[in-house]
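Please keep the sequence and the structure in view while reading.

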Amino acid sequence: MIHNLKESKIQFANQVNNDYPKILSNEALEFITVLHENFNEKRLTLLKNRELQQEVFDRGNFPKFPSETKNIRERDWTAGKIPEDLLDRRVEITGPVDRKMIINALNSGAKTFMADLEDSNSPTWNNSIQGQQNLIDANKKTITFENIKKGKSYKLNNDTAVLLVRPRGLHLNERHLKIDNEEVSGSLVDFGLYVFHNTKLLVDNNTAPYFYLPKLEHYTEARWWNEVFVFSQNYLKIPKGTFKTTVLVETITASFQLDEIIFELRDHIVGLNCGRWDYIFSYIKKFRNHKNFIVPNRDQVTMETPFMDAYSKLVIQRCHKRGILAIGGMAAQIPIKNNKEANAAALEKVRKDKEREVKNGHDGTWVAHPALVEVAMKEFNKFMKTPNQLHVTRDDVKISEQDLVEIPKGTVTEVGIRKNINVGILYLEAWLRGHGAVALYNLMEDAATAEISRTQLWQWLKNEVQLADGRKFNLVLYKKLFDEEVEKITSSIEATSENNKFNLAFKLFNKLVVSETFEEFLTLPAYQFI
């Protein structure tokens, strides 16, 4: 259908049965149109540059610290001032933008909440646009939720976490919305609608729109976002530097350009975050065609693995050098009900992870469930008596290019293969039904962990890797294990439920694994079905 916005060519996909007139007002769509016209072509160029960079890696090369920006790395300079309500971020909680999640996260006791329109949100039309309404209601402090079946009602406490919003990555379009027959960037839709509807309210309340930017692969992508910020602040007639952002370091190439990314966003950036799961995905993906490059079972790659430890410490050093915060990675564990011993072991694992982060010099950390807030908070309160650790310079850290790409030691096992197949399918099926954050085997999974699962399988299969028991992982063995895992799932309770998407998930996941060419993101082909 065609929207009635004058002198525009806004088109909605046929599947759209609610164009959310309050959210997608003429004025809001005009802003999205202007953003699209000014920035979409540059975005597409940046995506093309990613393809060219991959060709370099496919020839056996590794990233390097850019020679053209040596002066930026070596000069003394700092980013802009951090707002008072972002100075203490010792525990952050994350989750999708549904109403109940937003309320529970804001009430969780965490310092901040990252409302996610990206990896933990399946970007159905309703999820994405209703999510914008939920964020408006949250900022107005009027958000409520009624669970009629359980007789429960939810509303905000007086004291709530500070809200940050993560828009979709540069690679994702919003296929339900076109301008001049061209799909609009999901990044620009998510960002644009949020600032258009919330900026005045937030500024009037002595705060501002705060963001998390995902999956940047190059400092020129940070420059693009900075230009979007500056343009939008001018459009909305607010001072430059009003918007603030934290950048997720979740691609292997970004860790070679930390100073450069901070520099490009220096008027707006307040921190970097170690997005550990996407980082592992990126590491495998970028070097997938290197000879003798094998990453062991995902469970064997931890923050103590050398290349992960190096990246974490480098983030802390470069952030504090530039006067911004270094936020640690996600604890994905969730409470284990009806098993006290297993639950205690899981919480102890979280505690040790957070102790390591705070002792290394991180200023805060992430958790995926409200029950983990207290565990993480205790560790940061114990070892961090100040609002942050900007004074911890980590001048002792010397990280080389080789340190950042050191291949982890470990094994590939049948158990690891089966887990990747099982978790990948279960997550993909839930995502196709509109659920982006999925509890599986006592962990909260999002798109990043599903990406690791299918990428490892593709890469192991391509290399016919030798398993720990001596067998070769070839197509015959993969098909056997895949069929057996499919049978397990098919006979499960979940597979017999109504409106499931398992047949589609089986087909999509298998195609991603056995394809000759590697699909950059599993969400790209899957997105056509939601």
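Which residues are linked with Glu414 and Arg418 in a network of salt bridges? The network joins Glu414, Arg418, Asp469, Arg471, Lys480, Glu484, Glu485 and Lys488, where a salt bridge is a side-chain nitrogen of Lys or Arg within 4 Å of a carboxyl oxygen of Asp or Glu.

The model is predicted, so local features need pLDDT of at least 70 and side-chain atom pairs count only at pLDDT 80 or more, while totals for chains, interfaces and linings use all residues. Residues are numbered from 1 along each chain as its sequence is written, and side-chain values use heavy atoms, with hydrogens and water left out.

## Salt bridges

The count of salt bridges comes to 51. Arg418 counts as buried at 16% relative accessibility, whereas Glu414 is partly exposed at 25%. In these terms, buried means under 20% relative accessible area, exposed means over 50%, and partly exposed lies in between (1.4 Å probe, protein chains only).

Arg168 takes part in two salt bridges, one with Glu174 at 3.0 Å between the closest N and O atoms and one with Asp190 at 2.9 Å, N to O. The pair with Asp190 links distant parts of the chain, since Arg168 lies in the loop between strand 6 (162–166) and strand 7 (173–179) and Asp190 in helix 5 (residues 186–204), 22 residues apart. Arg168 is buried, with a relative accessible area of 1%, and so are Glu174 at 0% and Asp190 at 2%.

## Aromatic rings

Rings of Phe, Tyr and Trp (its six-membered ring) pair if their centres lie within 6.5 Å, with planes under 30 degrees apart called stacked, over 60 edge-to-face and the rest tilted. By this rule there are 33 aromatic pairs. One of them joins Trp458 and Phe518, which is edge-to-face because the ring centres are 5.2 Å apart and the planes stand at 70°. The two residues, 60 apart in the chain, sit in helix 14 (residues 447–463) for Trp458 and in the loop between helix 17 (502–514) and helix 18 (523–526) for Phe518. Both Trp458 and Phe518 are buried.

Elsewhere, an aromatic cluster includes Phe31, Phe39, Trp224, Trp225 and Tyr235 among its members. A charge sits over a ring if NZ of Lys or CZ of Arg is within 6 Å of the ring centre and within 35 degrees of the ring normal. Arg175 has its charged end over the ring of Tyr527, 5.5 Å from the centre, and Arg266 lies over the face of Phe263 at 4.0 Å from the ring centre.

## Cavities and pockets

On a 1 Å grid over the protein atoms alone, a cavity is a set of points where a 1.4 Å probe fits but cannot get out, and a pocket is an open set with protein on both sides within 12 Å along at least five of seven lines; lining residues have an atom within 4 Å of a point. Grid points are joined across faces, edges and corners, and a volume is the space filled by probe spheres set on the points.

| Space | Volume |
|---|---|
| Largest cavity | about 120 Å³ |
| Second largest cavity | about 50 Å³ |
| Largest pocket | about 770 Å³ |
| Second largest pocket | about 590 Å³ |

The structure holds two cavities of 30 Å³ or more. Sixteen residues line the largest cavity, and Glu118, Asp119, Leu172, Ala447 and Thr523 lie nearest its centre. The lining of the second largest cavity includes Lys215, Glu217 and Phe521.

Of the 31 residues lining the largest pocket, Arg276, Trp277, Thr302, Gln333 and Lys349 are the closest to its centre. Helix 10 gives the most to this lining, with seven residues. The second largest pocket is lined by 32 residues, of which Thr94, Gly95, Ala368, Ala437 and Met444 are the closest to its centre, and helix 3 gives the most to that lining, with four residues.
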